Amino acid sequence: MTKPQLDPDVADVAPNEPVLTAYDEQHVLTYMRLLQAEGEGADWCEVARLVLHMDPEREPDRARRAYQSHLTRAKWVTEQGRLLRGTGSK
């Protein structure tokens, strides 16, 4: 497993592949932060700003798309049982 970075920049859209990717492995902490923020009811704009490093006021469509795709991916990775287990693709 690739060592995750503490606060990596993110792509405009998260992967949508049926396997765990190197991007997923590098963004485990990002995914965890997104899931935690959602669980706490945090405003998506604040999360986009702090976690994804995107400005929802200047680029609302880009920030919203990135937020949604990364949150969706975080949930998928978790549902696959791979987020905390740290296993790679099968």
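# Questions on a predicted helical chain

Reader: What places Arg64 over the face of Trp44?

Author: Arg64 is 4.6 Å from the ring centre of Trp44 and lies over its face. A charge sits over a ring if NZ of Lys or CZ of Arg is within 6 Å of the ring centre and within 35 degrees of the ring normal. This is a predicted model, in which local features need pLDDT of at least 70 and side-chain atom pairs pLDDT 80 or more, while totals for chains, interfaces and linings use all residues. Residues are numbered from 1 along each chain as its sequence is written, and side-chain values use heavy atoms, with hydrogens and water left out.

Reader: How many aromatic pairs does a search of the whole structure find, and why is the pair of Trp44 and Tyr67 called tilted?

Author: The search finds one aromatic pair. The ring centres of Trp44 and Tyr67 are 6.0 Å apart and the planes stand at 40°. Rings of Phe, Tyr and Trp (its six-membered ring) pair if their centres lie within 6.5 Å, with planes under 30 degrees apart stacked, over 60 edge-to-face and the rest tilted. The angle of 40° therefore makes this pair tilted.

Reader: How do you know whether Tyr67 is buried or exposed?

Author: Tyr67 has a relative accessible area of 7%. Buried means under 20%, exposed over 50% and partly exposed in between (1.4 Å probe, protein chains only), so Tyr67 is buried. Thr21, in the segment before helix H1 (22-26), also counts as buried, at 12% relative accessibility. Buried residues make up 37% of the 90 residues in the protein chain.

Reader: Which class do Thr72 and Val19 fall into?

Author: Thr72 lies in helix H4 and, at 52% relative accessibility, counts as exposed. Val19, in the segment before H1, has a relative accessible area of 31% and is therefore partly exposed. The C-alpha atoms of Val19 and Gln80 are 9.4 Å apart in space, although the two are 61 residues apart in sequence.

Reader: Which residues make the contact between H2 and H4?

Author: Contact means heavy atoms within 4.5 Å. Residues of H2 in this contact include Tyr31 and Leu34, and those of H4 include Tyr67 and Arg73. Arg73 is also touched by Thr21, as is Pro15, not counting residues up to four places away in sequence.

Reader: What sets His53 apart in its phi value?

Author: Phi of His53 is near 60°, a positive value in a residue other than glycine. Most residues other than glycine have a negative phi. His53 is found in the loop between H3 and H4 and is partly exposed, with a relative accessible area of 34%.

Methods
Helix = DSSP H or I, 4+ residues; strand = E, 2+ residues; numbered from the N terminus.
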